[in-house]
Protein chains: 2
Amino acid sequence: MLPYIHPMKHKQFSFSRSTVDYYFNAAFADLGKLVVQEQAVLLTDEHVFAAHQKKFRGWNTIVLKPGEEYKVQQTVDMVIDQLIDLGADRKTTLIGVGGGVITDITGYVAGIYMRGIPCGFVPTSVLAMVDASIGGKNGIDVGVYKNMVGLIRQPSFLLFDYSFLKTLPRAEWQNGFAEIIKHAAIKDAPMFRQLQQRKLTDYRKDDRLLATLIEKNALIKTKVVMNDEFEQGERKLLNFGHTLGHAIENMYELSHGQAISIGMTYAAIISQHLNGFGNTDELVALLKQYGLPTYAVFDKEAAFKILQKDKKKEKTSISYILLKNIGKGVQQTIAFAELEKILKQL
Amino acid sequence: MLPYIHPMKHKQFSFSRSTVDYYFNAAFADLGKLVVQEQAVLLTDEHVFAAHQKKFRGWNTIVLKPGEEYKVQQTVDMVIDQLIDLGADRKTTLIGVGGGVITDITGYVAGIYMRGIPCGFVPTSVLAMVDASIGGKNGIDVGVYKNMVGLIRQPSFLLFDYSFLKTLPRAEWQNGFAEIIKHAAIKDAPMFRQLQQRKLTDYRKDDRLLATLIEKNALIKTKVVMNDEFEQGERKLLNFGHTLGHAIENMYELSHGQAISIGMTYAAIISQHLNGFGNTDELVALLKQYGLPTYAVFDKEAAFKILQKDKKKEKTSISYILLKNIGKGVQQTIAFAELEKILKQL
């Protein structure tokens with residue numbers, strides 16, 4: 001591994017209602033420069049807390065049980081009760097230190113507590129750094145429906161401390177690379193080629209290579225969101241692999257990365273059927289190269305029923321993201337009848 | 001009663017993120033012109049539904065148990081489950097038909113369901129028409145803390161059908177007039193004089209007088225909110241009587257109007273102490289004239305403890321609304337120590 005000193009890099013991006021400060025190559029301790037410690041409450045989960053206990057010293061911290069199954073209203077109720085007990089008010093900043101579940105819960109609670117208090121995120125997983133912590137979408141699951149309840153509301157800041165990734169299990173790296181491959185597939189053909197030439201271990205071993213990749217992906221997503229914060233057009237592209245992915249994620253207790261990897265595989269096949277997309281094999285090969293599942297057996301009827309309740313659905317059709325080429329995602333409306341036919345053929 | 005034909009009056013107001021259409025002198029049936037019936041879900045309570053059953057024919061309607069004690073998360077959970085069952089999507093408009101509890105729950109659920117769907121309000125009480133339905137603040141209570149969780153998000157439209165007031169019990173009229181007197185006290189001395197010259201029965205008997213008063217009050221609040229939607233300054237004035245009012249409202253199961261009437265009384269006394277306000281007796285007399293309580297015995301220590309958790313508090317002080325004159329409210333920061341001293345003297 002190359003020796004690599006992190007120079008902190010500050011960038012500010014303007015969204016429709018506020019600006020967000022990004023601190024790349026930062027250290028967790030820099031948090032003390034961004035907020036007054038006494039006016040901050042940290043939200044994290046048991047895994048992150050156990051692995052980085054020292055970092056939390058001196059900070060008010062609420063520790064949640066880890067896992068998507070806790071991204072539910074009951075957890076929100078508990079966090080709100082604790083905020084009241086801690087005397088949190090509108091001057092308090094709620095800071096989520098964790099993966100996507102933690103940043104989602106943090107953003108949502110901060111959006112509704114006292115009708116909105118400031119929040120910031122310290123994403124601790126690849127997935128959270130390149131995707132979940134960016135763009136202001138937050139939410140909780142309701143039964144089998146993912147993110148059925150939530151808000152679009154930007155945090156005040158994002159702090160990227162790559163040292164959190166040192167303790168990240170391999171499965172979590174794969175999870176994050178599913179979103180990175182998604183970005184490449186819909187937006188960035190050169191990055192797709194770079195990913196083809198590397199493997200996961202390269203990025204795990206080379207800090208500088210990793211930092212560059214994470215920053216590039218954070219900026220891809222940021223740019224898309226800035227163009228279309230409330231998802232009227234371009235932002236929909238980020239749902240590539242997520243429509244079917246979300247439907248099967250809870251059905252089979254898959255990780256988010258596994259679910260959208262399967263979702264991308266089938267979206268590529270649908271793209272083949274409807275748009276003559278010709279690179280399904282290449283996409284499938286890249287997903288496999290990064291340890292992700294592709295073709296999978298799942299209950300198509302059950303998945304289709306969940307699709308029919310998806311947030312992106314209308315009465316008789318659904319908004320679906322397909323590929324035209326590698327690096328070129330497109331949004332298409334597909335009638336449920338047609339989608340059902342294609343799914344049955346598979 | 002004068003014969004009075006309602007000509008519907010449409011006004012549009014621009015808030016920071018959206019415009020809101022106001023339909024004064026409207027009839028409930030006009031709703032069919034504003035939304036597609038199949039893409040709307042109405043939310044109301046058992047009282048309103050029972051008294052106006054015919055109006056709801058043909059509309060998808062969710063009926064809640066009436067009362068502030070149901071303005072809680074459990075009700076929100078239930079409404080969300082029903083929206084999912086009804087297949088509500090982002091094209092669905094959620095329409096609250098009721099008093100402040102209903103418009104608060106409607107606005108909140110519409111703000112978080114699928115990260116936000118359109119909503120509209122048909123306020124059915126004087127209080128909701130002049131206050132609760134206006135300005136986009138919504139929320140639910142958490143334990144003894146009123147509106148501890150919620151959003152500021154404007155509805156798409158407000159439809160005023162005064163015929164709902166025909167079935168409104170006297171206590172509910174008094175409730176609404178507490179907010180009307182509040183508007184007069186902080187913003188409108190001439191309206192204060194007019195109210196002194198009339199009594200509740202005048203407004204209940206004279207449709208035209210009532211319609212004028214309601215529209216005037218809806219516009220007072222609208223103007224304040226347009227100037228300061230996110231409550232950085234002027235909007236705080238609308239909290240006159242509400243700080244202590246909210247603290248004692250749940251402690252003693254008072255109606256909102258009763259609670260803020262007592263809150264206004266004590267705020268006037270504090271104004272006397274701190275600002276030399278000289279019209280406490282006049283304000284108290286007007287509140288009494290409209291059937292509202294003023295001086296009341298309450299557990300000052302318990303109320304003070306709740307104040308210390310108020311949304312408007314900071315670490316050692318609280319934002320309080322006082323009067324300079326009739327028609328002139330002012331915001332002042334009072335240290336808890338000083339407030340405690342004044343409360344003890346009373």
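Glu249(B) and Lys146(B) are both buried, a term applied to residues under 20% relative accessible area, whereas exposed denotes over 50% and partly exposed the range in between, as computed with a 1.4 Å probe on protein chains only. The side chains of Glu249(B) and Lys146(B) are joined by a salt bridge with an N to O distance of 3.4 Å, a salt bridge being a side-chain nitrogen of Lys or Arg within 4 Å of a carboxyl oxygen of Asp or Glu. Because Glu249(B) belongs to helix H10 (residues 242-251) of chain B and Lys146(B) to strand E8 (residues 145-149) of chain B, the pair ties together parts that are 103 residues apart in sequence. Helices (H or I, at least four residues) and strands (E, at least two) are DSSP runs, numbered from the N terminus.

The structure is a predicted model, in which local features need pLDDT of at least 70 and side-chain atom pairs count only at pLDDT 80 or more, while totals for chains, interfaces and linings use all residues. Side-chain values rest on heavy atoms, with hydrogens and water left out, residues are numbered from 1 along each chain as its sequence is written, and chains are lettered from A and ligands numbered from 1 in the order in which they are written.

Over all chains, the structure holds 28 salt bridges. One of them links Glu249(A) to Lys146(A), with 3.4 Å from N to O; Glu249(A) lies in helix H10 (residues 242-251) of chain A and Lys146(A) in strand E8 (residues 145-149) of chain A, so this pair ties together parts 103 residues apart in sequence. Glu249(A) is buried at a relative accessible area of 2%, and Lys146(A) is likewise buried, at 8%. In the salt bridge between Lys33(B) and Asp30(B), the closest N and O atoms are 2.8 Å apart; here Lys33(B) is exposed, with a relative accessible area of 65%, whereas Asp30(B) is buried at 12%.

Helix H4 (residues 100-112) of chain A has 13 residues, which at 1.5 Å a residue should span 18 Å, and the distance of 18 Å between its end C-alpha atoms agrees with this; the expected span is 1.5 Å times one less than the number of residues. Of the 13 residues of H4(A), 12 are buried, so the helix is largely enclosed by the rest of the structure. The buried residues include Ile102(A), Ile105(A), Tyr108(A), Val109(A) and Ile112(A). H4(A) is followed by Met114(A), which has a positive phi near 50°.
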